[in-house]
Amino acid sequence: MNMSYQIIPNVELKKGSNIMVYGPTFTGKSMFVRSIFRDFISRGYGGIYVLTKDSAETLMSWLGTGYDSRKVRIIDCVTKSMVGNVKDTDSVKYSTVMDLTGISAKISKFFEDFWRSGIKNIVVVFDSLSTLLMYMNLQTVFRFLHILTGRVKITESIAFYIVEDGMHDEKTIVTLKQLFSGVVEFKEDNGRKYVRFVSPFMQTEWREIVVDEEAVVVT
Amino acid sequence: MKVISGIPVLDEMIEEIPEGKVLTYWIDPEVEGNVFAMQTLFTNLERDCRCAYVTLTYSPEVVVSEFNEFGWDVENYKNFNIVDLHSAYVGLPSNCKYSADPTNVDEVNDVLMKVIENCDLVVVPVSSIIDVCGESSIECIGEWCDFIRDKSSRLVFTFVSWPYPEKIENFIKVNSNAIVRVGGVHHRVILGYYYGVVKVDWKNIKSKAILFKLVRPGGVRAYIPKILVTGPYNAGKSTFVHAVSMRSISVDRLGTTVALDHGHLEYRGFSIDLFGTPGQERFDPILKIIGKEALGVILVVDSTKPETFPRAKQMLESVAHFGLPYVVAANKQDLPGALPPEEVRKKMYLPEDVPIIPVSAVNGEGVYEVIDSLLGLLTGRLWVSEDEPESTA
Ligand SMILES: Nc1nc2c(ncn2[C@@H]2O[C@H](COP(=O)(O)OP(=O)(O)OP(=O)(O)O)[C@@H](O)[C@H]2O)c(=O)[nH]1
Ligand SMILES: [Mg+2]
């Protein structure tokens, strides 16, 4: 297993990285992290996906059947608040966006499950933090992330957190950035979409991307 | 009316939650500790107490379904009240008898005091209130603590210990008459969960950690940690298990263990099950199964036989694979030619932070140091750390 992973050309992510995925809506951020997630799973990683906008069902039907379902764990923060009573399964647990304690405990349980079955390479996706920030104040979300990013570091996992551009003030973004080792930025210009990577140590050029239902391709 | 915690072992320790007292469940942010307060509430509901559950981050419907998940049919009890701070917060009308807008301090205060007057027990999610209403809400929480002192009710707080400023933590500590810590056994990931009393001002108690599992339905169940004793053939595993155990059995044939050694020990408040694995190669599959359930590993090596170290190392790798913490017992130190721990470390290429304890299992020397060392790895972070709420007992 490689020790690092290229998400866009020339950007190697180290284990223990917490990455913010930042950009305006409809630039392909969700599709981008989904396809990264799928790639990691196919490389033998265990994956934990936290959903605040789509249901677990949506994600699973996108993933299709061509993956090892033992390697995928989902926390669905949508379904419970819509239909009320839903039963957790081994791989899908339900929570609500305001229940940060529940989300945190469930992520941690999934980490334990993976480790106890010998899977120690883990990828976490959080889509998205912006939804949390609609219900909870910045300080509260920051404390929650402090614990989660810490767990990702100590287990040498990799995590991606989506944040919508245009929904939060400057202070929120600056505060959140303290928790992350780098940012994958998206932008749209004249109907074309671009991505780049920015960290305290490096910054890539903007690269054009093509987004469809299946994947995000960096050209 | 007597109110109890409804939590196994805890009730024997603290007996009851007396009138006018505040009991806080102090919960690790990665542990599902809310169940403790729910279990306390439901236990007393069944005993005909009037109980109230304040909710802020869950809707009243979700609260009921959370209780139901554990088999607690709160909705069938007329003494069950929900204090709904959620609906107003998300802009919905409330159909609960008690409700308030959490952003309106006076409104919340009025309702809470009314509830305290009318109930024997009130569960309050204090950290959620701090999260949603800001840090200044501790003043409000302080008022409830003062208010309850001469009332025939009790407050049960759930405080999730997110990285709050010290001021907040201290505030909760000072205002709680009892604190029950609900924590995780951390070793990179959380491998297990425990609870223990760290403060109680109405009883003198000996502090004790109890491991638990959550059962649905059922709730909090205390359980016994399994510790795996492994090592090469003839290293002294069976002897070790017998030396520390109060009761133990081995399934041996011609002096070698063919199935398992099993021993049980009560030690420093822990109730521990030890499992010795057979040392012969063909038993590796058993080791794998136990490895999945165990909480820690003791590797026994014969310090006079460095030729067995590669095998020992190999066994260690297969358990370390499951992320379990381990210590090494450098056994047979009474024999001439036994290598001292540092030599064992060198010959086995073990990192500096792996504890290696000199042991003579036949003489019972060093065996409890091994247990101590492993418990230290498992719980040290939480029980030894300085930021722990202090025990007044
Ligand atoms: N001198 C000395 N002998 C010991 C010590 N511990 C164990 N022995 C002896 O070593 C032999 C093997 O001990 P056991 O406890 O059966 O070893 P084991 O690891 O369970 O062996 P298997 O189950 O066959 O793998 C016995 O003859 C013990 O009496 C010790 O500390 N010092
Ligand atoms: Mg034996």
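Modeller: Start with pairing: two strands pair if DSSP finds at least two bridges between them. Keep in mind that this is a predicted model.

Colleague: How do you know that β2(B) pairs with β3 of chain B?

Modeller: Count the bridges. There are 5 between β2(B) and β3 (residues 80–84) of chain B. The cut-off is at least two. So the two strands pair, and they run parallel. From β2(B) the chain passes through helix α3 (residues 60–69) of chain B to reach β3(B), a right-handed β-α-β crossover.

Colleague: What makes β5 of chain B a partner of β2(B)?

Modeller: The test is again at least two bridges. Here 3 bridges join β2(B) to β5 (residues 121–124) of chain B, and the strands run parallel. So this counts as a pair. B:A52 has B:V122 as its bridge partner in β5(B).

Colleague: Why is β2(B) called largely enclosed?

Modeller: Because 5 of the 5 residues of β2(B) are buried.

Colleague: Why is B:K332 called buried?

Modeller: Buried means under 20% relative accessible area. B:K332 has 19%. So B:K332 is buried. B:K332 sits in the loop between β16 (326–331) and α12 (341–348) of chain B.

Colleague: And B:D48, buried or exposed?

Modeller: Exposed needs over 50%. B:D48 has 55% relative accessibility, so B:D48 counts as exposed. Its place is the loop between α2 (34–46) and β2 (51–55) of chain B.

Colleague: What makes the backbone at B:D48 and B:K332 worth a remark?

Modeller: Most residues other than glycine have a negative phi. Phi of B:D48 is near 75°. For B:K332, phi is about 65°. Both values are positive, and neither residue is a glycine.

Colleague: Which peptide bonds are called cis?

Modeller: Among them are two. From A:D127 to A:S128, omega is near 5°. From B:R216 to B:P217, omega is near -5°. Most peptide bonds are trans.

Colleague: Where do A:S128 and B:P217 lie?

Modeller: In loops. A:S128 is between β7 (122–127) and α5 (129–135) of chain A. B:P217 is between β9 (210–215) and β10 (219–223) of chain B.

Terms used:
Residues numbered from 1 in each chain as written. Chains lettered and ligands numbered in written order. Predicted model: local features only at pLDDT ≥ 70, side-chain atom pairs only at ≥ 80, totals over all residues. Heavy atoms only, no water. Helix = DSSP H or I, 4+ residues; strand = E, 2+ residues; numbered from the N terminus. Buried < 20%, exposed > 50% of the residue type's maximum accessible area, 1.4 Å probe, protein only. Right-handed = clockwise from strand over helix to strand, strands pointing away.
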